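Colleague: Hi! I'm new to this protein, so please walk me through the model a piece at a time.

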Amino acid sequence: MKDLTNNFETEVLERSHEVPVLVDFWSPTCGPCLFLGPVLEKLETADEGKWELMKVNTMHHGPLAHEYGVSAIPHVQLFFKGKKVSEFVGALPEGTLKKWLDEFIPTETKERLNAIRERMQQPEEQENARADLRIFVQEHPEELMGKLILAHQIVLEEPQEAVSLVEEIKLGHLLHGSADTVRILAELMTFEGDPEVPVENRLRTAREAIDNRDFEAAIVMLVEAVQIDKDAVKELPRRASIAMFNLFGSQHPLTARYRRRFEMALY
């Protein structure tokens, strides 16, 4: 464990090219911080050099904390190869922290997975990258993140297979929220319903639009379903809308265009 002196660039970003660096933004006046700090130090010692802990006192480094998006503490961020790769806010219990570290501290296997993920962001590489991802999942069935990424990739085409991939990710797991997105989208993609019932008709039409890769039309239908009856079919209009936004990501144009319309439809 080290306390940041003055150079975040050198002590964290450059150092993270050699070993993962976990940055604990804290303050001596923060009760949860005083609980979390010793637990992080204990885990760092137990992991024997797999990662390093850097403590950043926000009372001394306020502008730095603001630069890295810290608005509440404790706020822990993980850096690797000069980039932030994960983070959490709050004082997690030791057991949850261990699971978080197991999930996000880089290993050779996770590096291979990350390389595949990066290729999937390139349109010309997507098909080959998806094939490599399937091979990765077959070779590393213990890597739930790999299964989850593949499930997100195929859920709109192969919903049943996608659900089977995330079967092990139960309530309470760190990845449960993302796995639930898969389950909800699979529910939408297998929905039949009654075309004579307006809200169910919109859900069917949204599913058909997704089949035709007309995602904007699908979002429009889902929002209309929410406007008609957001509680119908066990709240599927609301849940499916949120799942689609989660699948696209917050920066996607369709999320930016329709999220506000969806939120207004809820009230």
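**A chat about the model**

Modeller: Happy to! Let's start with K234, whose place is in helix α12. Helices (H or I, at least four residues) and strands (E, at least two) are DSSP runs, numbered from the N terminus.

Colleague: Before we go on, what kind of model is this?

Modeller: It is a predicted model, where local features need pLDDT of at least 70 and side-chain atom pairs count only at pLDDT 80 or more, while totals for chains, interfaces and linings use all residues. Residues are numbered from 1 along each chain as its sequence is written, and side-chain values use heavy atoms, with hydrogens and water left out.

Colleague: Thanks. Back to K234: what is its phi?

Modeller: K234 has a positive phi of about 55°, although it is not a glycine.

Colleague: And is K234 buried or exposed?

Modeller: K234 has a relative accessible area of 72%, so it counts as exposed. The scale runs like this: buried is under 20% relative accessible area, exposed is over 50%, and partly exposed is in between (1.4 Å probe, protein chains only).

Colleague: Which other residue has a positive phi without being glycine?

Modeller: R213 is one, with phi near 60°. R213 lies in the loop between α10 (198-211) and α11 (215-229). Its relative accessibility is 38%, so R213 counts as partly exposed.

Colleague: What about the peptide bond from I73 to P74?

Modeller: That bond is cis, with omega near 0°. P74 belongs to the loop between α3 (62-67) and β4 (75-80).

Colleague: Now the helices. How do α9 and α12 cross?

Modeller: α9 (residues 176-189) and α12 (residues 232-248) cross at roughly 120°, and their axes come within 9 Å. Axes are lines fitted to C-alpha atoms, for helices over the stretch in contact, and angles run from 0 to 180 degrees between N-to-C directions.

Colleague: Which residues make the contact?

Modeller: From α9 there are T181, I184, L185, E187 and L188, and from α12 there are L236, R239, A240, A243, M244, N246 and L247. Contact means heavy atoms within 4.5 Å. By type, the residues where α9 meets α12 divide into eight nonpolar, two polar and two charged. In that sorting, Ala, Val, Leu, Ile, Met, Phe, Trp, Tyr, Cys and Pro are nonpolar, Asp, Glu, Lys and Arg are charged, and the others, Gly among them, are polar.

Colleague: And how do α11 and α12 pack?

Modeller: Their axes are 9 Å apart and the angle is about 145°. On the α11 side, the contact is made by F215, I219, L222, V223, A225, V226 and D229, and on the α12 side by A232, P237, R238, A240, S241, M244, F245 and F248. That contact of α11 with α12 has 12 nonpolar residues, one polar and two charged.

Colleague: OK, next pair. At what angle do α6 and α7 pack?

Modeller: About 140°, with the axes of α6 (residues 126-139) and α7 (residues 144-154) 9 Å apart. α6 brings R130, L133, R134, F136 and V137 to the contact, while α7 brings G146, K147, I149, L150, Q153 and I154. These residues of α6 and α7 divide into six nonpolar, two polar and three charged.

Colleague: How many residues are in the largest nonpolar core?

Modeller: That core has 53 residues, and L133 and L148 have the most contacts inside it. A nonpolar core is a set of buried Ala, Val, Leu, Ile, Met, Phe, Trp, Tyr and Cys residues joined through side-chain atoms within 4.5 Å. Beyond its neighbours within four places in sequence, L148 is in contact with V166, I169, L175, S178, A179 and V182. Another core, of 15 residues, lies apart from the largest one, and L22, L53, V76 and L92 are among its members.

Colleague: Why do such groups form at all?

Modeller: In soluble globular proteins, nonpolar side chains tend to be buried together.

Colleague: Last one: where is K55 found?

Modeller: K55 is in strand β3 (residues 52-57). Its relative accessibility is 6%, so K55 counts as buried. Leaving aside neighbours within four places in sequence, K55 is in contact with M1, K2, D3, L4, D24, W26, G37 and E41.
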